[in-house]
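Let's take a quick tour of a protein model. Have a look at the sequence and the structure first, then read on.

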Amino acid sequence: MKRFWLRFFYSFPIQLLLLHFRKYQVLLIFWAILFSTINGGFAKTFGGDALFLAPEYMGKVNFYSTTVTGVAAAIFTMSWNITTFILHSGRFKFLATTSQPFSRYCLNNSIIPGAFLLMLLWRGWQYQRWQELNSVPHILLLAEGFICGYLAVIFFSFFYFFNADKNIGRRLMKKFGNPRNFLRTVLKPNQERDENSLPVYSYFSSPFRIRRARNVDHYNKHYLDNIFRQHHFAAMITIGLALVFLVIMAYLMDYNAFRIPAGASVLIFFAFLIGVAGAYAYLLESWAIPVLITLIVGLNWMVKNQWIDNRNKAYGLNYLDKKDRPEYSVLSLQEFFTEARAEADRKNTIKILENWKAKFPAGSKPPLIVINTSGGGSRSAAWTMNVLQRYDSLLKGKLLKHTFLMTGASGGMLGATYFRELYLRQQEGKMPGKARLYDSIYCEKISRDLLNSVFSSFAVNDFITPFRHFDIGKNSYAKDRGYAFEMQLNINTDHVLNKTVGDYRQPEYDAKIPMLIWCATINSDGRRLFMSPQPVSYLCAANYRYPTRAVRDVDGVDFNQFFANQDANELRVTSAIRMSATFPYVLPNVFLPSNPIVDVMDAGIRDNFGQETSVRFLYTFREWINENTGGVIFMQIRDTRKNDVSPIKQQKDLGDLIFEPLFSMQANWMSMQDFHQDHLVNYIESYFPGKFKRLIFQYVPQQAEKAAALSLHLTPREKLDIARALDNPGNQQAFGQLNEALTGILSQQH
């Protein structure tokens, strides 16, 4: 028994596995990320597992999408084998005496790739069955596609290296001359001792055959090294081909057929990184770290001095004229956003309020609705769309007719913007064919995948070809994951949002549609950025009831006025949505042409529910509202349960004790905003005595542990769960109160 375990320990597969953990552990990070992702660990919050378990190609999860993913998985596996073969083959000299050294190496190096392949197929089965709600035959077809793609690359690779073995043999025979000289050189022992060589007792010569490793002490060491060098050259060619493939894919990403599944892009990108890391370590050896430090310092210098400038920009905005940029400082903001400017903007909005009131019978006092929608990726976009469609339909169009203001953050604003545009098109008679505002197809479109394009671009454009740009007029913008997001959003929504912010100025002014304010957070100081076609500088500073301060405390920026000289009206609507939804790392921060430049991030950092903006708006126009309306219906659409308590750990491990103090604030950020905003809403209610109604519509999953992910990708089961949340008793009760508030006030007036 002892002899058996000794032989097992010194078998080639086990020695290779142990060697990976002893040397170049950085290469194992890629496997750790992949294992964690498909098991719902890494990037679970953002739907990372869906990239691999439900890969989409041209908007569908089908045989072709899994085939492409299988090809990418095999490319990653082969890159892993090639790289580790280059780094480790010199430690196992017996391989040089086998007929196909690389093929033998791959076979014995298959413990980690094999475990990943089995885990991926098993998790894919579970995900497709319970999340994608697919039938067993369809799941088997998807698995077949993945396996076919995987095996095709494996067979092609082995065929390539099989021919490489033949060519290497011919070159060596030609180099050493006649067979006698060849054998004399090969079998001439070298007196140098190889310190790196590791003992191996046996290896797999085929999947079902074990052979004893040959003793190579009687071989010339330089001859064996020559064989490995020839194989290394052939292997490094494949790394170069992977780079060429990524560059080609980057240039073809504008075409739908060439936007491969995001999971496949990530795998190919990882394959390239592993190959580069291996080649780098192999070629530079002891110089690897000094050269790496030099490269990092040089890259930092080029970025700092703007030799490399790939900062993301807001599409449509003018960045060319650097002399006329507004100064961004406390003093300049106070001088720009004056009380006089705020008063002029108030008068403009009152005209819009008058136009809104004119839609109702003369002498009536219609209730005014303010809609606040929360951030939350595609989950919130789908939930907002479902709520607005369902309740506007049940109220026979009265919901949007009575709504004056819509605001919020992130995904919620995506859903609100899309529904408002469809509402405008219906009024203008521009709905396609026999389509109706309340058709379920629009919920399906706003729920379509956005994650695939973002991650594909992140893996290909952002790293491999960061120099690629596109033009709008005279302005040039980077083709990065921000561009991919907006391009895919336009495709998903049939390009109805391919407009500028300024296109909504007149419809809003005429009160044909509600005013809508997109918000973002200025990263450098936390001020809010308000994006609206209307002048709204009255939102940029607190309107103190008593003159307790001699200066205005400006805590916001009216984008349209502050960047008027930079063509703020030409800002793309999709860019306004993206600026409001810029979750860290998922989407790039947007830089604005001020002096000095500032960048913006997700609106949810400052106000994830949009209520602070709404409260300030209501306070500003409290007198007009009290005099001219039947009251305020303050409507909150949120994708999380209010006042929910996350499970509290009763037993904490060492990691909890170390990291909880660091991240407790981030973990409870939304709850803290909730508590703070409840006070604000409570205060504003006192300005509308007996005329303020607060209603909350919240997404409550049927099973708490299976709630839709905070992601840019939704599974069919998650979409169904979101739609069914409309029938939640709490939402039914809130709708009853909404219906009563509208019909009750109107009936009293009649």
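## Buried cysteines

Before we meet any residues, here's a handy cut-off: a residue is called buried when its relative accessible area is under 20%, and exposed when that value is over 50%. Keep in mind that this is a predicted model.

Now try the cut-off out. Cysteine 443 has a relative accessible area of 9%, so it is buried. Cysteine 519 comes out at 5% relative accessibility, so it counts as buried too. And how many disulfides does a search of the whole structure find? The count is 0.

## The whole chain

Zooming out, the protein chain has 750 residues, and 52% of them are buried.

What about contacts along the chain? Take those between residues at least 6 apart in sequence: 79% of them join residues at least 24 apart.

## Two helices that cross

Two packed helices are described by the angle and the distance between their axes. Let's do that for one pair. Helix H5 covers residues 63-88 and helix H6 covers residues 101-108; their axes come within 10 Å and cross at roughly 110°. Angles of 65 to 115 degrees count as roughly perpendicular, so that's the label for H5 and H6. Their crossing is right-handed.

Which residues make the contact? On the H5 side they are Met78, Asn81, Ile82, Thr84, Phe85 and His88, and on the H6 side Pro101, Phe102, Tyr105 and Cys106. Sorted by type, the residues of this contact are 7 nonpolar and 3 polar, with no charged ones.

Conventions: Residues numbered from 1 in each chain as written. Predicted model: local features only at pLDDT ≥ 70, side-chain atom pairs only at ≥ 80, totals over all residues. Heavy atoms only, no water. Disulfide = S-S within 2.5 Å. Buried < 20%, exposed > 50% of the residue type's maximum accessible area, 1.4 Å probe, protein only. Axes fitted to C-alpha atoms, helices over the stretch in contact; angles between N-to-C directions. Helix = DSSP H or I, 4+ residues; strand = E, 2+ residues; numbered from the N terminus. Parallel < 35°, antiparallel > 145°, perpendicular 65-115°, else oblique. Left-handed = near helix turned anticlockwise from the far one by under 90°. Contact = heavy atoms within 4.5 Å. Nonpolar A, V, L, I, M, F, W, Y, C, P; charged D, E, K, R; others polar.
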